[in-house]
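Welcome! Here is a short tour for anyone meeting this structure for the first time.

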Amino acid sequence: MRYFTVRFLQMLFAVWAVATLVFLFLQLTGDPMELLAPEDMTEAQVEELRKAYGLDKPIHVQYLIYMKNLLRGDLGVSWTSGEPALALLAQRFPATLKLVLVALGIAIFFGLPAGVWAAVRADSLVDRALRFLSVVGISAPTFWIGIMLILIFSVTLGWLPSAGAHSWKHYILPGVTLSFYRIALFLRMIRSTMLDVLSQDYVRTARAKGLPERVVVYKHALRNALIPFVTLVGLQFGHLMAGAVVTEWIFAWPGMNRLALNALFTEDRPVILAFVVLTAVIFAAVNFVVDVLYGLIDPRVRYA
Amino acid sequence: MRRLLVALLSLLALGYAEKTFVVAYQGGAVTLDPHMRNETTTLAWQHHIFETPFFYNPEGKVVPVLAEKIEQIDENTWKLYLKKGVKFHDGTEMTAEDVAFSILRAATHKKSQMKGYVGKVSDAKALDRYTVLIKTKVPDPLLPAHLDHAAVIPKAYLEKVGEEGFNKHPIGTGPYKFVSWLNGDHLNLEAFEDYWGKKPDFKKVKLVNIPNGATRVAALLSGEVDIAEKVLPQDFARVERSGVATVKQTPGVRVIYIALDYWREYGSEGLPEGAKNPFLDPRARKAIYMAIDADAIVKKIMGGAATVAQQFLAPIHEGYNPEIKRFPYDPKAARKLLEDLGYGDTDGDGWLELPTKDGGRVPFKLRIDAPNDRYLNDAQIAQALANMLRKIGIQAEVNAVPKKVFFPNMTKGHFTMYMAGWGSMDSINTALSLFHSKDESGLYGRFNRMRYKNPEVDRLIEEAAKTFDKAKREELLRKAMYIAMVEDVAYIPLHYENVIAGVRKGVRFTPRPDEYLHAFEAEKE
């Protein structure tokens, strides 16, 4: 119980620190009215608008108001749309979540078995081929992959849609685009930990006992190799939730990353801040879940 | 059996007729409250739902929409007569109460972004069911045109559901009614059966935001969308070759121009330290003008997606002066002009020189400032400008930066030579903002960053801004523009950006010069 309390307080601190830092950094980007007010307003009209958004007050007062509202769970109102920033993010959260789960699903489905396979057949032709492909997967830029997939599958072949999220078909291209890097990452990670584990004593013991190779590999070795893997998947989940910007942009995905990018372009600070706070919460939550999963996979991990 | 087949077939036909017409934009509307955000895409989406008393037609003329006509009572009083029998989407009739309320809301709501247009309105009230009396604080000869930003909304409905409720389900008088939307992403619309005007050809319409240009074109070619705005020049050939769509272009009202420092003799930031600023003299400005090959920029960099500008205002603008033509492209004459002004090469290295305060000479180095993410191919254009200036002996270099950095610096006047764009349908606004000298009150010369100043031009513009007679106003503007553009070389125009749309075969559509893309202006072929 104490563990949970400590973790919770840590999380609160992290969110506060992130919100404060971003709030301060945003002040450095200059006068928000520059982009917020339309060009054709007179200076007096711009000042009226500034007042309406509470931007005429000194920075420290703005900060205190912001923190007071944040404590109550109020993340402010978007300057450009006039709607609550959290509501704007919330209505786009499911689209991002689903896309990320699809991408991670694809990545695990291909990356995990390929990694095991490569480890079991270390230094074979298959292993070398997989390792080469994984270098390609890690170094190919998302932007390029996305555009190529669109050109091949939407324009030339006409099989899959390129923009929006209206049916299951719409998930394929952005999901695959996002998974490229992760397949390669997972493959390399599983391969190296499996190689490590396979050379350990207890695996030798298991083999000596005469257990079938399948059981040795999948039950004994893989289970141990999974611990760092779960951490990696968790981190990638957090990364993607807040980092699928390019993919969402290319595929006109109605997700929250695109919303945040737009907010950045239009200087819509309440939305930028809300996005950052939400991201911090997601990261903290994922870390927590990963910790719990450790305990399930590895009975030795216990929290006193 | 046969009856079933017929029923099935007619159902299929119905399904075919009901196919959703999809239009892809580079951005998306961020609010459906028509007075809160003055930005092209947001307004373009809203125009499907809401209408205004007056609006610009595609030829740039102000025409009545919800208004029948307008009458001027005195300098500050207008009588607006409304069309009868116009219905809101909830079936109630639009009355003078609604219109007066909407104009006042646009003029006075604390978060309204329409004050640049209707901010001069002090009062609007209904005289009877179809007449509105409008009062202004100061005379505004262009009030009818300015009412193009006063979208009419139903007063009773807004008061009943509140602003939040209105945003969730907006109601107007437009050709389409709201069905559903995701803020900034897409908007589903359905034709309004009781629309007072010409009914649109497409029953169901979906407006979508596809930010990436290559994806927009891909969606057009694969049949996901019927019209895609802002097709990039590098994709023109691919669209035309595809056989399923074509590219339509209209010269727009956004002019890309160059401004030069008119006010500092020394200390201009884009010149070498201590060097004299040559651009206080109109002949030096003219030399830069003549060194620039605008045709080459349009052909080679813009891929034909622009139209060479003869002057600052576009032909559809009020006050366009057909007598103003470009100075001819002549790099030799341009160099000669600068040499005659005393900036010639004295050390024999081929580069022009600038005198310094202490009597020395330094090479004529010049920084060209430009944004790199605001206008079509902006950074490449700036680079081409530098190359052209180098040909006449100026060591020009480009400083192209994101608009977030560029515009604040432009406001502060940190430049010697900058390239930017200006797009407004309203010539008086353009003249007041860029050609009138800057004053402290902020009313004049708000965007005259390089402080161009000519008292005669100021007088002509001020006169025009309060002239109610259209012909006289145009004459004054034409005179002011002639002095500013020909005698003073106040700005160097480059080109008007074309408004571009990729249109699927079977759809008839021509883009509007003001960049608003409306699905109700598309027709079945």
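The briefing below covers the chain contact, the domains and the cavity.

This is a predicted model, in which local features need pLDDT of at least 70, side-chain atom pairs count only at pLDDT 80 or more, and totals for chains, interfaces and linings use all residues. Residues are numbered from 1 along each chain as its sequence is written, chains are lettered from A and ligands numbered from 1 in the order in which they are written, and side-chain values use heavy atoms, with hydrogens and water left out.

**Where the chains meet**

- Chain B brings 41 residues into contact with 40 residues of chain A, contact meaning heavy atoms within 4.5 Å.
- About 3,600 Å² is buried between chain B and chain A, with 51% of that coming from carbon and sulfur atoms; buried area is the accessible area (1.4 Å probe) that two parts lose on being put together, summed over both.
- Two salt bridges cross this interface of chain B and chain A, each being a side-chain nitrogen of Lys or Arg within 4 Å of a carboxyl oxygen of Asp or Glu.
- Arg258(A) and Asp185(B) form a salt bridge, with their closest N and O atoms 3.2 Å apart.
- There are also 13 residue pairs in polar contact between chain B and chain A (both at pLDDT 80 or more); such a contact is a pair of N or O atoms within 3.5 Å, where within protein one must be able to donate a hydrogen and the other to accept it, and residues adjacent in sequence count only if both atoms are side-chain atoms.

**Two domains in chain B**

- Chain B is assigned domain 1 (18-209) and domain 2 (253-497), with bounds from an automatic or database domain assignment.
- Eleven residues of domain 1 of chain B and ten residues of domain 2 of chain B take part in their contact.
- The two domains of chain B bury about 850 Å² between them, 67% of it from carbon and sulfur atoms.
- Tyr56(B), Pro141(B) and Leu142(B) supply 56% of the area that domain 1 of chain B buries against domain 2 of chain B, more than any other three residues.
- Between these domains of chain B there are zero salt bridges and one residue pair in polar contact (both at pLDDT 80 or more).

**An enclosed space**

- The count comes to one cavity of 30 Å³ or more, a cavity being a set of points on a 1 Å grid over the protein atoms alone where a 1.4 Å probe fits but cannot get out.
- The largest cavity holds about 80 Å³ of space, a volume being the space filled by probe spheres set on the points, which are joined across faces, edges and corners.
- Among the residues lining the largest cavity are Phe50(B), His149(B) and Tyr516(B), lining residues having an atom within 4 Å of a point.

Note on methods: 1 Å grid on protein atoms, 1.4 Å probe; cavity = no way out; pocket = protein on both sides within 12 Å on 5 of 7 lines; lining within 4 Å.
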